[in-house]
Amino acid sequence: MSMFNAPKGIPEYYPPESARFLAVRDTLGEAARRAGYGYIELPLFEDTALFARGVGESTDVVTKEMYTFPDQGGRSITLRPEGTAGVIRSVIEHGLDRGQLPLKLYYSGAFFRYERPQAGRYRQLQQVGVEAIGVDDPALDAEVIAVADEGYRRLGLTGHRIELTSLGDSTCRPEYRVKLQEFLRGLPLDEETRRRVELNPLRVLDDKRPEVQEMVADAPLMADHLSEQAAEHYESVKAHLRDLGVPFTENPRLVRGLDYYTKTTFEFVHDGLGAQSGIGGGGRYDGLMADLGGSELSGVGFGLGLDRTVLACEVEGVSVGDETRCDVYCVPLGEQGKRRLVSIAGQLRAAGLRVDVSYGGKGLKGAMKAADRSGARYALVLGDRDLEADSVQLKELATGEQRSVSLEDVVEQVRTVLAR
Ligand code: HAM
């Protein structure tokens with residue numbers, strides 16, 4: 001038993017598996033960079049009111065899942081449960097939208113939601129996200145979806161699918177909401193669900209209980225009540241996705257857990273993951289910036305869940321990330337050998353190689369075992385006799401082949417063999 005444990009429901013990544021996490025984060029971030037998104041680094045906590053207002057007062061995220069506490073100055077602080085509200089806050093605060101539009105930003109980091117932990121659902125979760133702000137062009141929505149798809153594909157994933165729908169705009173959504181409420185009020189729902197009908201009727205469509213699912217089977221759907229403009233927008237997004245060769249399925253019952261979405265919304269689903277199958281999601285949020293005190297600019301983006309993407313790679317048997325820690329492992333035998341080899345290790349690192357050293361005076365056998373475990377291709381072994389001959393043994397670990405190389409040009413020699 002350890003004296004302290006990590007807080008409940010938090011995944012930790014340590015070697016060698018952490019290489020997989022890094023590869024997932026870097027590959028998804030690279031997909032965003034390749035499409036012209038610039039990196040933004042934001043605070044892990046913000047004013048509570050930003051999330052209440054941005055994410056929506058009636059969402060589960062705001063009512064049940066936020067880590068909210070007073071700081072030493074008595075302000076109400078919340079650990080960020082998602083990234084979009086913070087990005088928009090920063091854009092407004094620093095006037096980042098005064099330049100060329102769309103403003104394209106991406107981010108990566110930890111988010112916090114007090115959810116019931118289970119496989120794939122954590123209280124600290126990691127995302128790579130993008131936000132494209134200031135242009136309401138369906139081609140941009142398609143780009144955002146294609147960037148995520150490209151990221152997953154680069155990792156080698158093939159078992160994901162995209163669910164897509166439109167949540168309508170400010171003209172058709174309020175009318176639809178009234179229609180849906182009228183329908184839902186006629187159902188024999190329990191007290192709490194009735195309250196939800198008044199606050200956030202769309203969420204009732206997402207109720208997982210089979211008896212509720214049965215009752216709402218004939219509920220009116222937003223996709224059938226889109227305004228002409230919203231319908232045109234949606235058709236155009238689909239056409240661009242087809243042009244981009246990004247396959248999708250329409251799910252008119254898709255409901256997202258955050259309130260800011262308008263028009264295009266989507267989710268990346270991986271069926272190998274069980275209940276927590278959403279590996280990423282996002283959509284358009286045309287009213288958010290104005291709601292947070294900024295201009296009337298539109299936006300579209302996604303958040304991709306890194307923890308679930310790592311699990312998806314495991315489920316598909318996709319190997320990502322280099323688990324080897326070094327290229328060369330140095331084995332000094334004796335004090336003199338150690339002084340010389342530690343200094344050579346420094347030179348090799350300066351030459352751009354990944355180099356580790358056997359510390360602590362291990363014997364040859366123990367040190368060679370450590371060399372094998374390190375994943376290095378070569379070991380450099382330096383004993384007293386080698387030192388007298390001004391040479392060092394260069395051993396290829398996979399074959400056991402060994403030869404003597406001069407200490408003077410060891411850096412060059414090692415670089416040459418590693419380049420092969
Ligand atoms: P979200 O759907 O709430 O969207 O989260 C995005 C992804 O984060 C999910 O698809 C899932 O993979 C992962 N995720 C969420 N909660 C957890 C959890 N408790 N444990 C593990 N993974 C989780 C957003 O956060 C929006 N900000 C995305 C967005 C950006 N929309 C527009 N722009």
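**View 1. A network of salt bridges links Glu30, Arg33, Arg34, Glu150 and Arg154.** A salt bridge here is a side-chain nitrogen of Lys or Arg within 4 Å of a carboxyl oxygen of Asp or Glu, and the structure holds 32 of them. The model is predicted, so that local features need pLDDT of at least 70 and side-chain atom pairs count only at pLDDT 80 or more, while totals for chains, interfaces and linings use all residues. Residues are numbered from 1 along each chain as its sequence is written, and side-chain values use heavy atoms, with hydrogens and water left out.

**View 2. Glutamate 30 and arginine 34 meet through their side chains in a salt bridge, at 3.7 Å from N to O.** Both residues belong to helix 1 (residues 18-34), where they are four residues apart, about one turn of the helix; helices are DSSP runs of H or I with at least four residues, numbered from the N terminus. Glutamate 30 is partly exposed at 28% relative accessibility, and arginine 34 is partly exposed at 42% (buried means under 20% relative accessible area, exposed over 50%, partly exposed in between, with a 1.4 Å probe and protein chains only).

**View 3. Glutamate 150 forms a salt bridge with arginine 154, their closest N and O atoms lying 2.8 Å apart.** The two residues lie in helix 5 (residues 138-155), four residues apart. Glutamate 150 is partly exposed at 31% relative accessibility, whereas arginine 154, at 52%, counts as exposed.

**View 4. In the salt bridge between the side chains of glutamate 235 and lysine 238, N and O are 3.0 Å apart.** These residues are three apart in helix 10 (residues 228-244), or about one helical turn. Glutamate 235 is partly exposed at 45% relative accessibility, but lysine 238 is buried at 5%.
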